[in-house]
Amino acid sequence: MDEYEVEVTQRWGETQEYLQSKSRTSKYTQADFASAKIDQEAATELFVYAFGNSLAIDSEKAQEAVVAHRDAISKWFYDCSIEMQKNLAKMYVSDPRFKKYYEGRVTGLAQYVHDAIMAN
């Protein structure tokens, strides 16, 4: 088990979401994982568009991105509630690994994603 998997198991191993995700992904092919990544990237691009056009976090486009983000997680990994999505948003700004993903797209995007999700 790699370091990341150990951390994930320690933090969330007993949660319903973790168990659901493990169950779903255990059946995935490489093509399934590639499709999941496409859906996740599409949601991220919606955030990039909204942020890049200086749209308010509660604008229709920003909130479309929030829904697409939650839907991608629910489709591929686990049933992602609004509350769970807000927990993820906190990680996006507090955990450097997650923050790097968004900041690698556009400086300031991690905070924007966080704020848009929290506005939902």
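Biologist: Before we start, what does buried mean here?
Modeller: Buried means under 20% relative accessible area. This is a predicted model. Of the 120 residues of the protein chain, 35% count as buried.

Biologist: How many helices and strands are there?
Modeller: The protein chain has 7 helices and 0 strands. From the N terminus on, the order is α-α-α-α-α-α-α.

Biologist: And the contacts? What share comes from residues 24 or more positions apart?
Modeller: They make up 61% of the contacts with a separation of 6 or more.

Biologist: Now the last stretch. Which residues of α7 are buried?
Modeller: Helix α7 covers residues 109-119. Its buried residues are Leu109, Ala110, Tyr112, Val113, His114, Ala116 and Ile117.

Biologist: What covers them?
Modeller: The cover includes α3 (30-52), α4 (60-76), α5 (82-94) and α6 (96-103).

Biologist: Switching to α2. Which residues are buried there?
Modeller: In α2, residues 16-25, they are Tyr18, Ser21 and Thr25. These cover an arc of only 65° around the axis, so they sit on the same side of α2.

Biologist: Why would residues three or four places apart point the same way?
Modeller: Because an α-helix has 3.6 residues a turn.

Biologist: Next, Arg97. Where does it lie?
Modeller: Arg97 is in helix α6. With a relative accessible area of 45%, Arg97 is partly exposed.

Biologist: What does the side chain of Arg97 make a polar contact with?
Modeller: The side chain of Asp95, at 2.7 Å.

Biologist: Last one. What is the accessible surface of the protein chain?
Modeller: About 7,200 Å². Carbon and sulfur atoms account for 55% of that surface.

Note on methods:
Residues are numbered from 1 along each chain as its sequence is written. This is a predicted model: local features need pLDDT of at least 70, side-chain atom pairs count only at pLDDT 80 or more; totals for chains, interfaces and linings use all residues. Side-chain values use heavy atoms; hydrogens and water are left out. Helices (H or I, at least four residues) and strands (E, at least two) are DSSP runs, numbered from the N terminus. Buried means under 20% relative accessible area, exposed over 50%, partly exposed in between (1.4 Å probe, protein chains only). Contact means heavy atoms within 4.5 Å. Accessible areas come from the Shrake-Rupley method with a 1.4 Å probe; for residues, only the protein chains shown count as cover. The arc is that of the directions from the helix axis to the C-beta atoms. A polar contact is a pair of N or O atoms within 3.5 Å; within protein, one must be able to donate a hydrogen and the other to accept it, and residues adjacent in sequence count only if both atoms are side-chain atoms.
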